[in-house]
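Dear colleague,

I am handing over the structure we spoke about, and below it you will find an account of what was found in it. Please read the notes with the coordinates open beside them.

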Amino acid sequence: MRTSPVAVSVEPSPTAAGAGFRVDAPAKVNLFLHVTGRRGDGYHELEGLVAFAAICDRIEVRPAERLEFETGGPFAAKLDPRAENLAVRAARALAEAAGIAPDARIRLHKALPVAAGLGGGSADAAAVLRALAALWDVTLPGDALAALALRLGADVPVCLAARPSMVRGIGERIDAAPALPTAPILLVNPAVPLATAAVFAAREGPFSKPRRFDAALPDVPALAAALSETGNDLAPGARRLCPDIDAMLEAIGTSPSCLLARLTGSGPTCFGLFPAQDHADRAAARIAAARPRWWVRSTRLHPS
């Protein structure tokens, strides 16, 4: 297989999919996240409930004579130009597995904040795998695709599934989650990136014990009640590194009708669950007016 150079450019707005394929890369929300241990290789063992929001990045792929990568959208300028984007690594990995040249034009519309605890880079890589598999007419066995996704990053396999899931291990053990309701959710980010590695390094205290989370959740109050018996073990360390998290949790948690306010993943994005979409919308409007520097979005969690 020959290796193509990568041409990188930044466009101010997304382009049409044309003759290619367009795939959404939804925001990943860790509704709870427990750290249950640490492996000999330094990776932490996790347990958590992952869901995906309606807000997303977007990947578009089209035929090309070499591998090209373009970015656009409100957070494109926040991507590190010195590092090879995970989306490009995903394209190279899929082409290598298929024994073909990675010839395609990939366009990433970056609508989610960078280093936000929303799985953005992993979701983008997973969307590239889905889009290029269609463009190149590539079919890999499920276990081979899962292994490829895991080599790209611990969060890529669950983002490839893109459905509510219980994750364990370093993220590679994925089981179906209990049925979730369509939950209105508020996402708030302080416009400050927070490195995942730094948050894990700041974690202190004992490890959590594994627990069952398989009860039926018919509505959002039931979901919030079940989640109230869980937590995010990375939150204390993240709050020390990013004091804005406390302010965000206070703003969300004191919003009328908020059922639960919590940090997602390694942060710094925080979320709030609400019983109705208009409640989340009003909370978003109030917080955005008071804190214009923050990124504030009212959206919903997909039940499947």
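A polar contact here is a pair of N or O atoms within 3.5 Å, where within protein one atom must be able to donate a hydrogen and the other to accept it, and where residues adjacent in sequence count only if both atoms are side-chain atoms. The model is a predicted one, in which local features need pLDDT of at least 70 and side-chain atom pairs count only at pLDDT 80 or more, while totals for chains, interfaces and linings use all residues. Residues are numbered from 1 along each chain as its sequence is written, and side-chain values use heavy atoms, with hydrogens and water left out.

On confidence, the average pLDDT (the predictor's confidence in each residue, from 0 to 100) is 91, and 94% of the residues score at least 70. Residues 1-5 stay under 50, although the model gives them 17 contacts (heavy atoms within 4.5 Å) beyond four places in sequence; residues 7-17 are also below 50, with 30 contacts beyond near neighbours in sequence. Where pLDDT is low, the predicted coordinates should not be read in detail.

Asn30 lies in strand 2 (residues 21-38); helices (H or I, at least four residues) and strands (E, at least two) are DSSP runs numbered from the N terminus. With a relative accessible area of 5%, Asn30 is buried, where buried means under 20%, exposed over 50% and partly exposed in between, for a 1.4 Å probe and protein chains only. Its side chain makes a polar contact of 2.8 Å with the side chain of Lys28, and, leaving aside neighbours within four places in sequence, Asn30 is in contact with Leu49, Val50, Leu263, Thr264, Gly265 and Phe271.

Counting a salt bridge as a side-chain nitrogen of Lys or Arg within 4 Å of a carboxyl oxygen of Asp or Glu, the total comes to 19. One of them joins Asp124 to Lys110, with the closest N and O atoms 3.3 Å apart; this pair links distant parts of the chain, since Asp124 is in helix 2 (residues 120-135) and Lys110, 14 residues away, is in the loop between strand 5 (104-109) and helix 2. Asp124 is buried at 2%, and Lys110 is buried at 3%. Glu68 and Arg66 meet at 3.6 Å, N to O, with Glu68 buried at 13% and Arg66 partly exposed at 37%. These two residues belong to a salt-bridge network that also takes in Glu70, Arg105 and Arg107.

Beyond four places in sequence, the contacts of Leu129 include Ala90, Leu94, Leu148 and Leu160.

In helix 6 (residues 220-227), Val220, Leu223, Ala224, Ala226 and Leu227 are buried. Seen down the helix axis, the buried residues fall within an arc of 160° (taken from the directions from the axis to the C-beta atoms), so they line one face of helix 6. They pack against strand 2, strand 3 (44-62), strand 8 (183-189), strand 9 (260-263) and strand 10 (270-273). At the start of helix 6, a side-chain oxygen of Asp219 comes within 2.9 Å of the backbone nitrogen of Ala222.
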